[in-house]
Every structure is written in C-alpha cells, then in structure tokens.
Amino acid sequence: IEVVDYDEATATARIIRVAFEKGRWVIASHHNYPVDIGDRLVKTAAALIDLKKDEVRSDSAQDHGQYGVIDPLDQKVASLTGRGKRVALKDAHGETLADYIFGKPVGGKPGRRYVRLPGQKRTYAVNTAADPSARFADWVNADLLRIAADDIRKVTINSYSIDEAAGRLANQETLALTQEAGKWKLDGAEMFNEGPVRAMAAALDGLKIVDARPKPASLAEDLRKGEIGLTLEAAMSLRQKGFLLASSGRLLANEGEMNVETKNGLLYSLRFGEVATSGAEVRPAAGTGGNRHLLVLVNFSQERAAKYGGDAASGERLARNLNDRCADWYFVISDADFKRLRLRRSDLVK
C-alpha cells in the first residue's frame, strides 16, 4: 500500500509505503520499521478493493480543487490547496490493483467522500470506510513506553550540557520526583507547582513515536545484551543522533536524560539527542525547536518490583519486550513531548 499526502505548509508530498517483505509487514519508506498493528492495514486494503463509483459529481478538471481531489504528485498544477491523498494498492510484482485520489468528505453525508481516478477528470462521491494516512504513527503501535502514569514511582531528571572541548559536563542540575498514592513530591522542596509534573507523567504515559531510525546491527546486538561496545561504528552512529559514548563507558546525551522507575520493577533510561532534521514526518512546526531523537534503554530488577509492591513477572516480560523493540531503533518524538518531559527546577519552584 502506498499513501501520498500533501503538506501545504511546505508544498511537499509526504509518502508512506507499507510492504510485505521477508514474511512480515514493514514500512518500506521508513527503513523497514515493522508494522506492529494490523487494523489500519486490513481496513485500508479492504476499502480500496471494495470501492464503488456511486455518484458522478463533476466532469470538469476545474472542480478538482473544490472537491480536494488534485493529485498530490501533480507538479503541473500550481495550487497548494485542494490536493487530496493518493492511495495505491499493488501486488507482489508491483502491478497496480487499485489507485485513487481521496478528496474531502461530502458535506452533510457521513461516510461519503469525493474520489477521483488519477489521470481522469471525473469526480465521484462514494461510500467508503477507508482512512488512508501517510503518517508513520498511524501505521505502528505508537505507544512507545507502555507506562501508566499511576504506576510511576520515581523520576530523576539529569539536565546538563556537554563541553566536548574541555571533556566535561556543564550546567548540571538534577531533579528527583517521587509519587505515592497519586501525590507527587519534589526532593528539597516543600511547596512546588504540580501542574508541570502531572503533564510530564501524562507525556510519559502517552508518548508517541513520530519516526524511527535504525541503529547499526552491532550496536543493536550489544544493547540487547545490556551493554554498549566502544567501537568506532557505535560511537559514530550515536554521535550523529546527539549521543556521546564517554571513555568511561557512560552514555551522554546532548539534551540530558531522565530515569523513570515504575512499580513493576522497570527502570526506563531516556536520553534526548539532536533535533531530527530530515524527512517529512519530522519537519519542525513553526515556532518550535524541532522533533527530537530519543534513545531508550529499559532495565528490570526483582528488588525494585519488591520495593514498590508491583507485579514482578509482568514487569520482567514487559522489559524483555521493550528492550527487543528499542534495541534496533533511535526513536523520534515531538518537540511538544520533549518540552513536557525535560523539566527544570525553575519550572516547578518559583
């Protein structure tokens, strides 16, 4: 399945290709990231195959903009508005089985949408349940951490900058937050603003993947073993994404790090790297600092689960699943989520 959407703000087409390769469905346009939810895939394919030309609305090319069915790939059309989503379904040999341009919903008629065949002038109004999307997050299980806000017991935020010339950390600050019975406490402060802390917990609970970039196979294998080898390949890959492997073995991040402990014995180590600068999915919105690379490591301990009274068995299973998923990838998160997570003391104590 190939879906092409159009970003009016940047006048560029955004393309996603989902393909069946080596026995599994992957997002071929995004480094073969695995499709780990199948509902959208099945519904989109079925809706394309079953689409019927119900009602002719126009035979004029001049009406394409009005109905939102201008081909997003048509470079001959100057208009930045009125472009639709082009959706194609192809077989294993690359032959096209279906190809449509989905336009605007038909006003006052739920479940109906304007549709046009590429290369033809005629626009139809059709009944369709298809929900084509060119957003990476809509094709994967975008819930990155599988954390419930109420299960968080401790958060430690380490903010710093890296002075590479001097070989040291600068502007260091550590925040320690604990939660018990739904009440948050800040180490060293009797009174503080809980609003940003609750927003941070909600961001952890609902943290979504915007995009993903592959790690080198050797680095991924090391991470599955719970270690990082001091190899040139690993160091170069990490540095490109905003992470620095110190000679001591400590992994540093351009924008600091945070540790999150949960009641079932998990310790999430989140490191915030460079702004992700390429790809339509990670284009910064106006007025923001840009979406951000994130490195995730997960550790489980029986002692931690016992300390917080959580379910150790489920915690161990979750840690194993998360590490297997996270080992291969650098994730990209939104700038908005990054800002909610990276709290400073000045955000809490006035």
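Student: Which residue in β11 is the bridge partner of Val 155?

Tutor: In this predicted model, Val 155 has Leu 177 of β11 as its bridge partner.

Student: What makes β10 and β11 a pair?

Tutor: Two strands pair if at least two bridges are found between them. Strand β10 (residues 152–163) and strand β11 (residues 168–180) have nine bridges, so they count as paired, in the antiparallel sense.

Student: What sheet do β10 and β11 belong to?

Tutor: An open sheet of eight strands, with antiparallel pairing, in the order β12-β11-β10-β16-β17-β18-β19-β13.

Student: Why are β12 and β13 called edge strands?

Tutor: β12 (183–186) and β13 (211–214) each pair on one side only, and they are therefore the edges. Between neighbouring strands of this sheet the average turn is 25°, direction ignored.

Student: Which helix lies across β17, β18 and β19?

Tutor: Helix α7 (residues 312–326) does, and it runs at about 145° to β18.

Student: How do you know that β9 is largely enclosed?

Tutor: Buried means under 20% relative accessible area. In strand β9 (residues 123–127), four of the five residues are buried, so the rest of the structure largely encloses the strand.

Student: Which strand joins β9 through five bridges?

Tutor: Strand β8 (residues 112–116), running antiparallel to β9. Arg 112 has Asn 127 of β9 as its bridge partner. The two strands form a hairpin with six residues between them, and Gly 119 in that turn has a positive phi of about 85°.

Student: How many bridges link β5 and β9?

Tutor: Three bridges link strand β5 (residues 55–58) and β9, again in the antiparallel sense. Ser 58 stands opposite Thr 123 in β9.

Student: Why is Asp 5 called buried?

Tutor: Asp 5 has 14% relative accessibility, and the cut-off is under 20%, so Asp 5 counts as buried. Asp 5 is found in strand β1 (residues 2–7). Leaving out residues up to four places away in sequence, Asp 5 touches Thr 12, Ala 13, Arg 14, Pro 72, Gly 84, Lys 85 and Ala 134.

Student: What makes a space a cavity and not a pocket?

Tutor: In a cavity a 1.4 Å probe fits but cannot get out, whereas a pocket is open. The count here is one cavity of 30 Å³ or more, and the largest cavity has a volume of about 40 Å³.

Student: Which residues line the largest cavity?

Tutor: Lys 215, Leu 223, Arg 224, Val 296, Leu 297, Asn 323, Cys 326 and Ala 327 line it. The elements giving two or more residues to this lining are α4 (217–224), β18 and α7. Five of the lining residues are nonpolar, one is polar and two are charged.

Student: Which residues lie nearest the centre of the largest pocket?

Tutor: Leu 223, Gly 226, Glu 227, Ile 228 and Leu 297, out of 17 lining residues. The largest pocket has a volume of about 360 Å³. The largest share of its lining, four residues, comes from β18. By class, the lining has eight nonpolar, four polar and five charged residues.

Student: How many residues line the second largest pocket?

Tutor: It is lined by 14 residues, and Ile 1, Val 18, Ala 19, Lys 90 and Asp 91 lie nearest its centre. About 310 Å³ of space lies in this pocket. Strand β2 gives the most to the lining, with four residues.

Definitions and conventions: Residues are numbered from 1 along each chain as its sequence is written. This is a predicted model: local features need pLDDT of at least 70, side-chain atom pairs count only at pLDDT 80 or more; totals for chains, interfaces and linings use all residues. Side-chain values use heavy atoms; hydrogens and water are left out. Axes are lines fitted to C-alpha atoms, for helices over the stretch in contact, and angles run from 0 to 180 degrees between N-to-C directions. Contact means heavy atoms within 4.5 Å. On a 1 Å grid over the protein atoms alone, a cavity is a set of points where a 1.4 Å probe fits but cannot get out, and a pocket is an open set with protein on both sides within 12 Å along at least five of seven lines; lining residues have an atom within 4 Å of a point. Grid points are joined across faces, edges and corners, and a volume is the space filled by probe spheres set on the points. Ala, Val, Leu, Ile, Met, Phe, Trp, Tyr, Cys and Pro count as nonpolar, Asp, Glu, Lys and Arg as charged, and the others, Gly among them, as polar. Buried means under 20% relative accessible area, exposed over 50%, partly exposed in between (1.4 Å probe, protein chains only).
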